[in-house]
Amino acid sequence: MTKLVRNHAHWGAFFAEVEDGRVVGVRPFEHDPDPSPMIQAVPAAVHSQTRIAQPMAREGWLKHGRGHGEGRGREPFVPLSWERALDLVAGELARIKRDHGHDAIMAGSQGWGSAGIFHEARSQLRRFMSTFGGFIDQTSNYSFGTALTFLPHVVGSAQPVTGPLTSWSSIARHAKLMVLFGGCNPKNMQVTKGGCAGHFNGDRLAELVRNGVDVVTISPNREDGPAGTAPEWIAIRPGSDTAMLLALVHTLVADGLHDADFLARYCTGFERVRAYVMGETDGQPKDADWAAPFTKVPADTIRSLARRMAANRTMITASWSLQRADHGEQPFWGVILLASCLGQIGLPGGGFGFGYGSATGIAEPPLAFHSPTMEILANPLGRAIPAARISECLLHPGKSYDFNGRKSTYPDIKLVYWAGGNPFHHHQDTNKLRAGFRRPETIIVHEPWWTATARHADIVLPATTTLERNDFGGAARDRFVVAMQQAIEPVGEARSDYTIFSALAHKLGVRIPSHPAHRQIALPQTSLRTLLRHLSSNFRTKLCRARSRRQLFSHSADSFHPSYLANAQD
């Protein structure tokens, strides 16, 4: 007999089909109009042959002791009992703390991990490390880290990349042209961190078509354009977006199509950039003829697009991917410059925004409040390195570096603790990262599968997937909060991150914070039900307040059913 169990993933909510203790299939969430096909991979992932069956330690690390990192990624692993594995981990944490201090422990653990609010692995690790006394954290992110840092210096906040952005509905009702640098690939719009239970992007794109909004995709890949909008494709050479943006600005200025009043009233520094674009500072006008050889886009195409943008209400966007490069701020800065010259920032359906095609929900109207979250504990050490500089930190301890207007020094990392991420998939220059991972004395990883990061660890602790524990999920931009009910017993000897950190806290005797909501790190597993009820109770309180103030969208209220959370706690 098939049992249906509600659960959630970054690609959406679903029902797991369970037979004889195994997940054999999935069915989409009943309120999802366009479910992602990615959820069909869940059964194979849960029961994959690459699952880590029990705690493991690298053979060379056990034989020769800490500090021998040359064998990471190559040597076989030796199975351990949970008791011995936890003793080894606790012993290493205590030793590093005693001999080198908390700034020798890297535990930022950048990565999405699994969907779920309570069992979000990075949050669990950071809370544990904060109660332990502190650690080297990671700041910013890989998705839009450049923009997150520099945009506040240019436009006052990071909202143009974090959202909410001008809504799809506003663009459909008021714009006549949408220009997508980097495209707007529908597959990227199926996913968001924490999971989107309802996929409505197809409706949003269809609204553009119904209202006659022309869509232009500027990307090396034709498939980056949202097919449902029949976009015009301009094939551009990778990495040359800034040159095209400057050429578009040049056409506007040369033809007198730029909004001089807007630039004078709302912008600072245009005269300086105008002189550069027009060639007054270096003798080289940044016109369409100059840009064509770099971009492989015909000069007439560039000039024509600039004039179309000036003649119509235009929304300009760039995908997050464009800023993931050296000097990655330049294309985003170019978009801001171009939008400023058009003078449509602040007008309905016009202006600019980043990431329309990078994740779902970013251009949805904001809800009255966000989904429930775990309380964050302050890191007593108060130190963090940029997420994209892990390799440099590991390879060059003591070296000074500049970040966001400040000069800092890389710490000397002796122990790396990672849970809920795979930097060998995420980080740039994996060969350099591999060299960096050879240097620490000990690397500890929580992971359900034998990823590259797990294979470069010294101690690997098998973690459960979302189907093997109770939780509830909801993305900050999504209107649903979804129960995540345990569907099967943990595979092999897997344990949740919460269970692992609770055991380590007991062994290390870490101090329990005084606030009741912060005690969960050192409490036994039996209190999980109480903690889930604590989080859901806070959410219910917010829901009632929003309803009483009539600030909640009706569809959001209907999407939340109290029994979902009640079931998740049983």
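Colleague: Leaving aside its neighbours within four places in sequence, which residues is Ser 240 in contact with?

Modeller: With those neighbours set aside, Ser 240 is in contact with Phe 294 and Thr 295, contact meaning heavy atoms within 4.5 Å. This is a predicted model, in which local features need pLDDT of at least 70, side-chain atom pairs count only at pLDDT 80 or more, and totals for chains, interfaces and linings use all residues. Residues are numbered from 1 along each chain as its sequence is written, and side-chain values use heavy atoms, with hydrogens and water left out.

Colleague: What makes α9 roughly antiparallel to α12?

Modeller: Helix α9 (residues 241-254) and helix α12 (residues 288-295) pack at about 165°, with axes 9 Å apart; since angles over 145 degrees count as roughly antiparallel, α9 is therefore roughly antiparallel to α12. The residues making this contact are Ala 243, Met 244, Leu 246 and Ala 247 from α9, and Ala 288, Trp 290, Ala 291, Phe 294 and Thr 295 from α12.

Colleague: How many residues of the contact of α9 with α12 are nonpolar, polar and charged?

Modeller: Eight are nonpolar, one is polar and none is charged, where Ala, Met, Leu, Trp and Phe are among the residues counted as nonpolar, and Asp, Glu, Lys and Arg count as charged, the others being polar.

Technical notes: Axes fitted to C-alpha atoms, helices over the stretch in contact; angles between N-to-C directions. Helix = DSSP H or I, 4+ residues; strand = E, 2+ residues; numbered from the N terminus. Parallel < 35°, antiparallel > 145°, perpendicular 65-115°, else oblique.
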